[in-house]
Amino acid sequence: MIVLIDQDGPLAKFEEGFLRIWSAKHPDEVAIPLCERTQFYIKDDYPDSIKTKVSSIYEEPGFIANLDIVDGAKEAVLEMLAADIDVRFCTAPLSNYENCVGEKYIWIEKHFGRELTNRVIFSKDKTLIHGDFLIDDRPTVEGICKPEWKHIIFDAPYNKLQPGKRLHQWQDWRAVI
Ligand SMILES: [Mg+2]
């Protein structure tokens, strides 16, 4: 069995990382807490006038590499591998990829070790990737192909209206898969 796992959201706390730096750097701007986020892309929840300011936070050097890991994520990945599940980290890089791509590898090495960096797949279109399941916080994952995998939505406030199979926390992975 092949399980594709998205990096930002299911594994790395992108949202929390953004809010922490945003609030520290721009204390006078509105900061939308995670529980009030409704759009998949952070900048889509903010007014047009500050969207560039918003995206500059997660495009900065060090942002991706220093994100915290989601509770239970490391244990779940290691349990899957021990159960002979072929786990692949399937991640779509930011379009302004300059700092993001290298740091995504750094992040995987930091939390899972060098060996597991061989399991990273970068693709802007995840429907091209073969697998049994894709665990992803994006409400709908679309592309040029009809995907082979079944999408398991990794629970987040901005995807709660999307119907489908859902993983609320990593501790439940066995029951959901
Ligand atoms: Mg994601």
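A polar contact is a pair of N or O atoms within 3.5 Å, and the legends below, which describe close-up views of a predicted model, begin with a contact of this kind.

**View 1**
Although Asp-125 is buried, it has no salt bridge, and the nearest side chain of opposite charge, that of Arg-138, is 9.6 Å away. Leaving aside residues up to four places away in sequence, Asp-125 touches Glu-142, Gly-143 and Ile-144.

**View 1. Helix 4 and its buried residues.**
Helix 4, which covers residues 100-112 and has 13 residues, reaches 18 Å from its first C-alpha to its last, close to the 18 Å expected at 1.5 Å a residue. The buried residues of this helix are Cys-100, Glu-103, Lys-104, Trp-107, Ile-108, His-111 and Phe-112. Because these residues cover an arc of only 145° around the axis, they lie on the same side of helix 4. An α-helix has 3.6 residues a turn, so residues three or four places apart point the same way. The buried residues of helix 4 pack against helix 3 (73-82), strand 2 (86-91) and strand 3, and the helix is followed by Gly-113, whose phi is positive, near 95°.

**View 2. Helix 1 and the residues along one face.**
Helix 1 has 12 residues and reaches 16 Å from its first C-alpha to its last, which is close to the 16 Å expected at 1.5 Å a residue. Within this helix, Phe-14, Glu-15, Gly-17, Phe-18 and Trp-22 are buried. Seen down the axis of helix 1, the buried residues fall within an arc of 160°, so they line one face of the helix. Helix 2 is included in what covers the buried residues of helix 1.

**View 3. The salt bridge between Asp-71 and Lys-13.**
Side chains of opposite charge can pair when their charged atoms come close. The closest N and O atoms of the salt bridge between Asp-71 and Lys-13 are 3.9 Å apart. Asp-71 lies in the loop between helix 2 (51-59) and helix 3, whereas Lys-13 lies in the loop between strand 1 (2-5) and helix 1 (14-25), so the pair ties together parts that are 58 residues apart in sequence. Asp-71 is exposed, with a relative accessible area of 56%, while Lys-13 is partly exposed, with a relative accessible area of 23%.

**View 4. The salt bridge between Arg-37 and Glu-15.**
The side chains of Arg-37 and Glu-15 meet in a salt bridge with an N to O distance of 2.7 Å. This pair links distant parts of the chain, with Arg-37 in the loop between helix 1 and helix 2 and Glu-15 in helix 1, 22 residues apart. Arg-37 counts as buried at 3% relative accessibility, and Glu-15 counts as buried at 10% relative accessibility.

**View 5. Further salt bridges, including a network.**
By the rule used here, the count comes to 13 salt bridges. One of the pairs is formed by Asp-86 and Arg-88, whose side chains meet at 2.7 Å, N to O. Asp-86 is partly exposed, with a relative accessible area of 24%, and Arg-88 also counts as partly exposed, at 27% relative accessibility. Elsewhere, Asp-6, Lys-126 and Asp-136 are linked in a network of salt bridges.

**View 6. Asp-84 in the loop between helix 3 and strand 2.**
Most residues other than glycine have a negative phi. Asp-84, although it is not a glycine, has a positive phi of about 65°. This residue lies in the loop between helix 3 and strand 2 and is exposed, with a relative accessible area of 68%.

Ile-135 and Cys-100 are 35 residues apart in sequence and 20 Å apart in space, C-alpha to C-alpha.

Key. Residues numbered from 1 in each chain as written. Predicted model: local features only at pLDDT ≥ 70, side-chain atom pairs only at ≥ 80, totals over all residues. Heavy atoms only, no water. Buried < 20%, exposed > 50% of the residue type's maximum accessible area, 1.4 Å probe, protein only. Lys, Arg positive; Asp, Glu negative; His and termini not counted. Salt bridge = Lys/Arg side-chain N within 4 Å of Asp/Glu carboxyl O. Contact = heavy atoms within 4.5 Å. Helix = DSSP H or I, 4+ residues; strand = E, 2+ residues; numbered from the N terminus. Expected span 1.5 Å × (residues − 1). Arc of directions from axis to C-beta.
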